[in-house]
Amino acid sequence: MNFLEYVAKARVLAPAGVPIPRAALCRSPEEAVAAFEGLGPCMVKAQVPTGKRGKAGGIKPANSAEEARSVAERILGMAIDGHAVGAVLLEEQARIAREFYAAVLIDTASRCPLVLFSTEGGMDIEEVAATRPDALRRHRVEPEAGFDAAAARALLSGLDLGGAEGAVADILASLYETSGRVDAELIEINPLAVLADGRVVALDCKLTLDDSAAFRQAELAGEAAEEPMTDLEREGVANGLKFIQLDGDVGVLANGAGLTMTTMDVISHCGGRPANFLEIGGEAYTKSEAALKLVLSNPGVKSLVVNFCGAFARTDVMAEGVVTAWKRLDPDIPVFFSIHGTGEDEAVRLVREGLGCEPFDLMEDAIQAAVDAAHSTVSRGVAR
């Protein structure tokens, strides 16, 4: 779940004690004029869940009420990285002395929280990490140890922060505590600015929450930004399925996100293009028909690969669901199976007897066959 800047600041940073500028959310030029009267000179900022807004022309200054109106008029309705701008945030202008970067995220390698800080704020942090790695401080947090202001000061040790060390350390500690409290995958402040009067203020914030934690964060999750979706993707949401439509020609049906991603990678390696991301698991028995409809409704799909690998989820249960759905839908498209793991003998028998096709021994062979079929005029029926 991604969040707009104004939600991240008002609902997460401010309650955590992180200073933010005075601001007002506006959905029309008239509202921008009214907001300017209370704020004075301000920045007009497009509210979309993506970066590089400034480079796209989505952040502009306004030094008068009329300028606030005209700037808001230009920005509202813009499309930035596929997101239509439906609101702007008017935020009081800040006299910036220095810009820092601060973030807390989940390090996928260690599966631990990672606190990041750099004195190179306001820039692409990826560029900083690549070209000046010493400018980016990292602290991998062992959950049992935690991360407090003392740990933050140790992270900042040796950096010339111009007297802002204490305030920055407190903010880093607050970010760490807040990230765990709201199940955040990422809280990023860029820039974290030292103002001319010495205050340290978050001038921007990017917030991403773990989708799986929505039930714990119901109130906050209800304010998540809407992501652009195709009609088929909306249908997937309605059916409780995570479906992402792509522009390839090889449909994918697999269990587990990791196996699905691996299947997509192998399709690309074999010279094909995946047509979708869609993973199903033990619930395949009940959702296989809806899942199969989604994959086959993509007009670009010319072949399908079904890749099951069972551990706790039984492949025979998943296979039975897919075979039953296939018979109901009766699609005219070649399908190729790879089945391994718990219940695979029964699963292979179900596919062999139910659909008259033989699953492949190797995943790579099944995927290569699907790629070849998509590139040829082969119609139904599959067998090796």
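Tutor: Helices (H or I, at least four residues) and strands (E, at least two) are DSSP runs, numbered from the N terminus. This is a predicted model, in which local features need pLDDT of at least 70 and side-chain atom pairs count only at pLDDT 80 or more, while totals for chains, interfaces and linings use all residues. Residues are numbered from 1 along each chain as its sequence is written, and side-chain values use heavy atoms, with hydrogens and water left out.

Student: At what angle to β7 does helix α1 run?

Tutor: Helix α1 comprises residues 5-13 and lies across β2, β3 and β7. Angles run from 0 to 180 degrees between N-to-C directions, and axes are lines fitted to C-alpha atoms, for helices over the stretch in contact (heavy atoms within 4.5 Å). Relative to β7, the angle of α1 is about 55°.

Student: Which are the edge strands of the open sheet of four strands?

Tutor: The order in this sheet is β2-β7-β3-β4, with antiparallel pairing; two strands pair if DSSP finds at least two bridges between them.

Student: Which residue is the bridge partner of Cys 42 in β7?

Tutor: Strands β3 and β7 are paired in the antiparallel sense, over five bridges. In β7, the partner of Cys 42 is Glu 92.

Student: Against which elements do the buried residues of α2 pack?

Tutor: Buried means under 20% relative accessible area, exposed over 50%, and partly exposed in between (1.4 Å probe, protein chains only). In helix α2 (residues 29-39), the buried residues are Pro 29, Ala 32, Val 33, Ala 35, Phe 36 and Leu 39. They pack against β2 (23-26), β3 (42-46), β4 (59-62), α3 (65-75) and β7 (88-92).

Student: What is the phi of Gly 40, which follows α2?

Tutor: Helix α2 covers residues 29-39. The phi of Gly 40, which follows this helix, is positive, near 80°.

Student: Why is one side of β15 and of β18 left without a neighbour in the sheet?

Tutor: The open sheet of three strands is ordered β15-β17-β18 and its pairing is parallel. β15 (250-254) and β18 stand at the edges, so one side of each lacks a neighbour in the sheet: each has a single partner strand.

Student: Which residue of β18 is the bridge partner of Phe 308?

Tutor: Strand β17 (residues 303-310) pairs with β18 in the parallel sense over seven bridges. Five of the seven residues of β18 (residues 335-341) are buried, so this strand is largely enclosed by the rest of the structure. The partner of Phe 308 in β18 is Ile 339.

Student: Which strands does helix α9 touch as it packs on the sheet?

Tutor: β15 and β17 run parallel and are joined by five bridges. Val 250 stands opposite Ser 303 in β17. Helix α9 (residues 257-269), whose direction makes about 155° with that of β15, packs on the sheet and touches β15 and β17.

Student: Which residues of α13 make the contact with α9?

Tutor: The axes of α9 and helix α13 (residues 363-374) are 9 Å apart, and the two pack at an angle of about 55°. That makes α9 oblique to α13, since angles under 35 degrees count as roughly parallel, over 145 as roughly antiparallel, 65 to 115 as roughly perpendicular and the rest as oblique. Leu 259, Thr 262, Thr 263, Val 266 and Ile 267 of α9 meet, on α13, Met 363, Ile 367 and Val 371.
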